[in-house]
Amino acid sequence: MTHQSPLERLLRGLALVLVVCFFIFPILWIVLMSFQTNETILRSPPSVVFRPTVSNYAAIISGHLDSNVASMGIEFMRNLMNSVILSAGSVALSLVLGVPAAYAFARHKFRGSEDIAFTLLSFRFAPPLLVLLPLTLYFQQIGLADTYLGLIWVYQLICLPLILWIVRGYFEDISPDIEHAYRIAGHSWFSTFCRISLPLAGPGIAAAALLAFIFAWNNFVFALVLASADKQPVTVGALAFVTASGIQYGQIAAAVVLSILPVLALALYAQRYLVEGLSLGAVKG
Amino acid sequence: MHEKEKDLVDAYMRGQMSRRSLLRGLAALGMTAGTASVLVNAAATRALAADFDWKAHSGKSVKLLLNKHPYTDAMIANLENFKALTGMNVEYDIFPEDVYFDKVTAALSSRSSEYDAFMTGAYMTWTYGPAGWVVDHSEWIQDAAKTNPHYNWDDMLEGVRKSCAWNGQPGGALGSEDAKQWCIPWGYEQNNLTYNAAMLEKAGVGVPTDLDGLMEAAAAAQAANEGVYGIGVRGSRSWATIHPGFLSAYANLGQSDLNVNDDGKLSAAMNTAGSKDFHAKWVKMIQDSGARDWSTHTWYQVGTDLGAGKSAMIYDADILGYFMNGAGNAMEGQLAYAPFAASGDGKPTPNIWIWSLAMSKFSKQPDAAWYFLQWASGPEHALFGATQMDFVNPVRKSVWADAGFRDRLSGSYPGYVDMHDVSAPGASIKFTPQPLFFDLMTEWAASLQKMVAKEVPVDEGLDQLAASIDRQLKDAGLG
């Protein structure tokens with residue numbers, strides 16, 4: 001263990017504080033803005049000294065916003081709930097479809113397997129609008145337009161390739177000998193998959209699911225094109241505070257704070273899996 | 001309603017008394033102005049029903065695609081009257097303005113029948129109309145069986161009405177005889193001056209009346225007010241930088257964006273001597289007295305800075321100045337308005353933005369949708385929106401003639417009514433309609449940015465811009 005002088009420790013601590021402040025500052029500033037009125041935010045020069053107000057949060061939660069022109073209704077909490085439904089639903093479906101598929105691609109080499117895997121990956125490269133406009137027509141014909149189910153299906157363009165390709169790497173890292181040993185003991189293939197492969201790839205699956213959730217949460221264009229206003233996620237809903245009569249900076253800040261909370265909570269909860277999972281997948285033996 | 005109140009409202013509806021007298025009479029009976037106006041509006045709705053079969057589409061439901069805007073709020077506040085009048089239901093989707101036109105374009109280009117009608121800007125119909133995405137509304141306007149006798153199409157301000165009609169020929173005059181009415185004007189914005197009277201007074205300058213005066217006033221206001229820049233104009237790399245004050249002044253000096261040759265071909269008109277002179281002054285004004293981050297300024301930054309007291313005046317949409325004079329702004333109640341003619345002849349010719357309503361070509365019930373459109377753009381709703389909500393600027397002459405509306409505006413927005421009265425005769429779209437509108441105007445804005453940043457001299461920049469535009473017009477078969 002190397003010895004550090006008090007001065008070194010002080011400098012190191014100071015450097016760490018500076019680095020943390022640098023990265024945290026934008027978020028801290030947004031949090032501070034969320035407790036200010038528009039007038040306070042726009043004063044020149046800006047100041048961190050202000051009388052805090054929760055009116056921005058109250059407006060968002062109550063759905064009633066008093067702008068400089070008139071009162072208007074906002075649906076941000078519904079947008080937030082839509083984001084939760086769409087992101088959680090699409091990740092859940094991707095896990096159900098993608099994890100067994102990833103296992104198959106990792107363990108079983110069959111004719112066309114790589115082609116199929118790359119085809120699925122290519123969904124990530126497709127310009128969204130190129131896909132969405134024809135899809136709008138089909139969705140209207142088959143009754144999926146403006147439904148959560150239809151949107152969750154389209155969100156598979158984001159989540160499924162991500163989960164499939166990340167989880168495939170984890171399955172490939174697990175030695176097949178462990179599975180063989182379990183099967184020699186008389187267990188079925190499905191039992192081996194559930195009791196051996198899945199638990200061993202657990203951190204990787206959690207990491208992939210979390211990443212897919214974040215990508216789905218941040219998506220903007222899918223719901224915008226395919227759904228009505230009542231099914232829009234927070235990414236679209238947050239723009240409601242930018243109106244012809246002015247930008248409601250305080251409400252935008254409060255909306256940002258509220259919209260990052262679910263992802264932040266999930267990330268903190270899954271942090272251990274995330275670091276473990278990502279590092280496991282990154283280093284191949 | 002009590003008999004006395006009913007008699008007063010009925011007398012008003014028969015034209016036997018003015019709106020102001022009616023409100024005064026109802027006030028004497030103990031009724032607030034708000035309640036009185038609701039009563040009048042309800043009576044107007046009943047009167048509408050007398051001469052026209054408003055129930056022809058009773059039971060049907062139309063769906064609208066709307067932008068989040070005070071005009072929309074005003075319509076929703078009055079929607080129950082429409083439902084009562086027609087027996088129809090109205091559903092609507094409201095999207096924020098930042099993504100609104102993406103949603104419209106996606107819905108129309110995919111030929112979706114979900115929305116029967118939608119809000120649009122007149123410029124957008126230069127794309128939607130020729131593409132066959134919107135109907136020619138003339139068919140409905142001119143059909144006496146489908147349009148109520150009180151609709152009074154001619155009550156629409158002429159420049160605004162004509163600006164929403166185009167024959168689809170690149171360079172074709174707006175509102176020509178063979179033009180198709182691609183949209184119905186709903187509310188509009190003129191580009192004029194909104195100024196901070198105290199800041200100009202502190203600088204010892206009056207309200208500018210020509211371009212040189214504008215440059216001097218902006219510089220003086222900036223010098224006299226610490227931390228304040230002289231004039232707010234848009235500067236982002238977008239077509240929207242060109243259309244407000246910039247094009248209004250440019251057109252007032254007799255300049256145009258494109259030449260329309262005898263053979264119908266188009267060519268760039270930005271590199272004439274007059275245009276170069278104007279550009280040089282405009283660029284210098286921004287360099288000397290504009291925002292330091294001018295190249296990022298859109299509608300929002302221009303308005304926000306004026307409302308926060310960071311700029312002395314703006315040359316932009318009048319309703320932007322209207323909004324910034326409202327509650328919640330540091331400069332609430334301190335702004336004033338003036339018409340502006342860059343040439344100094346006192347005859348402003350503002351370019352305008354028109355929020356309009358249009359029916360989708362893919363609607364399965366256009367006749368029912370038209371019932372909504374004629375009500376929403378009709379004189380009764382226009383008056384309700386203007387007097388009870390923030391529906392400024394109305395597009396109907398009758399609303400601008402209403403004493404109650406004028407008094408209300410003049411009370412809180414000094415100079416606004418006069419500004420409108422002086423500017424309205426010359427207010428129209430000054431662009432040449434053509435299918436490359438958004439691309440070419442965005443390039444113009446990019447070119448302006450280079451000139452302000454001194455990356456290219458004004459003369460050279462405009463020659464380069466004109467050459468590039470001519471090339472694109474030729475490539476598209478337009479030049």
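In helix H12 of chain B, the buried residues are B:Gly245, B:Phe246, B:Leu247, B:Ser248, B:Ala249, B:Tyr250, B:Ala251 and B:Asn252; a residue counts as buried if 20 or more other C-beta atoms, placed from the backbone, lie within 10 Å of its own. The structure is a predicted model, in which local features need pLDDT of at least 70 and side-chain atom pairs count only at pLDDT 80 or more, while totals for chains, interfaces and linings use all residues. Residues are numbered from 1 along each chain as its sequence is written, and chains are lettered from A and ligands numbered from 1 in the order in which they are written. Helices (H or I, at least four residues) and strands (E, at least two) are DSSP runs numbered from the N terminus.

H12(B) covers residues 245–252, and eight of its eight residues are buried, so this helix is largely enclosed by the rest of the structure. The cover over these buried residues includes strand S6 (184–196), helix H11 (211–224), helix H13 (273–289) and strand S9 (313–317) of chain B. After H12(B) comes B:Gly254, with a positive phi near 85 degrees.

Chain B as a whole contains 22 helices and eleven strands. Its radius of gyration is 23 Å, close to the 23 Å that the globule rule gives for 479 residues, so chain B is as compact as a globular protein of that length. The radius is taken over C-alpha atoms, and the rule is 2.2 Å times the number of residues to the power 0.38. The C-alpha atoms of chain B fill a box of roughly 70 × 55 × 35 Å along the principal axes. Of the 479 residues in chain B, 54% are buried. Among contacts in chain B with a separation of 6 or more, 73% are between residues 24 or more positions apart (contact: C-beta atoms, placed from the backbone, within 7 Å).

Chain A has 14 helices and four strands. Its radius of gyration is 24 Å, whereas a compact globule of 285 residues would have one near 19 Å. The C-alpha trace of chain A spans about 70 × 70 × 30 Å along its principal axes, and buried residues make up 36% of the 285 residues.

Two helix pairs in chain A were examined. The axes of H8 (residues 156–173) and H10 (residues 189–218) of chain A come within 9 Å and cross at roughly 155 degrees; axes are lines fitted to C-alpha atoms, for helices over the stretch in contact, and angles run from 0 to 180 degrees between N-to-C directions. H8(A) and H10(A) are therefore roughly antiparallel to each other, where angles under 35 degrees count as roughly parallel, over 145 as roughly antiparallel, 65 to 115 as roughly perpendicular and the rest as oblique. The contact residues include A:Ile158 and A:Leu162 of H8(A) and A:Ala201 and A:Leu211 of H10(A). This contact comprises 17 nonpolar, two polar and no charged residues, with Ala, Val, Leu, Ile, Met, Phe, Trp, Tyr, Cys and Pro counted as nonpolar, Asp, Glu, Lys and Arg as charged, and the others, Gly among them, as polar.

Helices H1 (residues 6–33) and H13 (residues 249–269) of chain A pack at an angle of about 120 degrees with axes 7 Å apart, and are therefore oblique to each other. Their contact involves A:Ile30, A:Val31 and A:Met33 of H1(A) and A:Tyr249, A:Gly250, A:Ala253, A:Val256 and A:Val257 of H13(A).

Note on methods. Two residues are in contact if their C-beta atoms, placed from the backbone, lie within 7 Å. A residue is buried if 20 or more other C-beta atoms lie within 10 Å of its own, exposed if 12 or fewer, and partly exposed in between; C-beta atoms are placed from the backbone.
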